[in-house]
Amino acid sequence: MKTTETPAPVPAESGVPVTRTGAPDGNPAKKQKKEGSVLNVFSHGMLILWAFMVVLPLAWAVMTSFKSDSAIFSSPWALPDKLHFDNWARAWTDANMSDYFFNTILVVAGSLIGTLVLGSMAAYVLARFDFPGNRFIYFLFIGGMSFPIMLALVPLFYVVNNMGLLNTIHGLILVYIAYSLPFTVFFLTAFFRTLPTSVAEAAFVDGASHTRTFFQIMLPMAKPGLISVGIFNFLGQWNQYMLPTVLNTDPDKRVLTQGLVQLAASQGYKGDWSGLFAGLVMAMLPVLGAYIVFQRQVVQGLTAGALK
């Protein structure tokens, strides 16, 4: 029968170094926790500062839209003593904001649907199929993102004019689609590559065609990416000013950004600043509402590729 002998502890006075098996010196877990807490405080402080810088102008514009013209200049930072809803009614009717709003909805809705349909189809083919010229076509779309729209305004004006689409709603829709396609294809191509191939292969085995597989299987799976790129395109198309100014000079077919500029220009003679702020808030509300409703889907779409 073997016995295990326990070595006697070496006294500290003997000069032999003593090996300790406990926690290392400095306690890195506490040190790491302290550094993480400092980083969290700094990041949260920056987020609070950024939120304050964004929310304050929006809140001030909404508050000012309910003031009278005299109160805007006498007490710009004070709360309105009375809610002047007539400012909104005056901007909606007298400044023709209702017509501009309706034209903008037509243009943005048509261009957004066309951009998502055409962009998703092109991105799916570029992401899932290998064919000669695949990368070349993909980089052509990428090159379209780096092309300044300012350089294309003059030739674009003559092209649209020669096609008979100048000063028309559908002509502006086609230009918006062409303007938004490069970023849409770039975004959705990377998203379609993250989707599992086994699902599409199972659909092909069951006899589904490429069209049915795309519209009934792959496109619903790409819903977070579609919502994300749709929000970005909605923001860009809703706030677009340069293209409609050049391609849409008909006063009856102006969009909202042109109407706001027209309303601001008229203030030099009328001084209806309360109506101007009311029209400005009208233009902001759809954008804010769309982002608030779909903010969760936007985050999911942006992080889906990183989580795969």
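Q: What percentage of the 308 residues of the protein chain count as buried?
A: The structure is a predicted model. Buried here denotes a relative accessible area under 20%. Of the 308 residues in the protein chain, the share that counts as buried is 33%.

Q: How many helices and how many strands does the secondary structure of the protein chain comprise?
A: Read from the N terminus, the elements run α-α-α-α-α-α-α-α-α-α-α-α-α-α. The secondary structure of the chain therefore comes to 14 helices and zero strands.

Q: Is Leu56 buried, partly exposed or exposed?
A: Leu56 belongs to helix α1, which spans residues 28-64. This residue contributes to a nonpolar surface patch of about 1,200 Å², whose other members include Phe42, Trp50 and Trp77. The relative accessible area of Leu56 is 37%.

Q: Is Ile231 buried or exposed?
A: Ile231 is located in helix α10, residues 223-238. Its relative accessibility is 9%. Because the cut-off for burial is under 20%, Ile231 counts as buried.

Q: What distance separates the C-alpha atoms of Ile231 and Gln295?
A: Ile231 is part of helix α10. Along the chain, Ile231 and Gln295 are 64 residues apart. In the model, their C-alpha atoms are separated by 9.0 Å.

Q: How are helices α4 and α9 oriented to each other?
A: Helix α4 covers residues 97-128 and helix α9 covers residues 210-221; they pack at an angle of about 90 degrees, with axes 12 Å apart. Angles of 65 to 115 degrees count as roughly perpendicular. The orientation of α4 and α9 is therefore roughly perpendicular.

Q: Which residues of α4 and α9 make the contact between the helices?
A: The two helices pack at an angle of about 90 degrees. From α9, the contact involves Thr213, Phe214, Phe215, Met218 and Leu219.

Q: Where does Asn167 lie, and what is its phi near?
A: Asn167 is in the loop between α6 (153-162) and α7 (169-194). At 22% relative accessibility, Asn167 counts as partly exposed. Its phi is positive, in a residue other than glycine, and lies near 60 degrees.

How values were computed:
Residues are numbered from 1 along each chain as its sequence is written. This is a predicted model: local features need pLDDT of at least 70, side-chain atom pairs count only at pLDDT 80 or more; totals for chains, interfaces and linings use all residues. Side-chain values use heavy atoms; hydrogens and water are left out. Patches are made of residues with over 30% relative accessible area and no salt bridge: like charges are joined within 9 Å, nonpolar side chains (Val, Leu, Ile, Met, Phe, Trp, Tyr) within 5 Å. Accessible areas come from the Shrake-Rupley method with a 1.4 Å probe; for residues, only the protein chains shown count as cover. A salt bridge is a side-chain nitrogen of Lys or Arg within 4 Å of a carboxyl oxygen of Asp or Glu. Helices (H or I, at least four residues) and strands (E, at least two) are DSSP runs, numbered from the N terminus. Buried means under 20% relative accessible area, exposed over 50%, partly exposed in between (1.4 Å probe, protein chains only). Axes are lines fitted to C-alpha atoms, for helices over the stretch in contact, and angles run from 0 to 180 degrees between N-to-C directions. Angles under 35 degrees count as roughly parallel, over 145 as roughly antiparallel, 65 to 115 as roughly perpendicular and the rest as oblique. Contact means heavy atoms within 4.5 Å.
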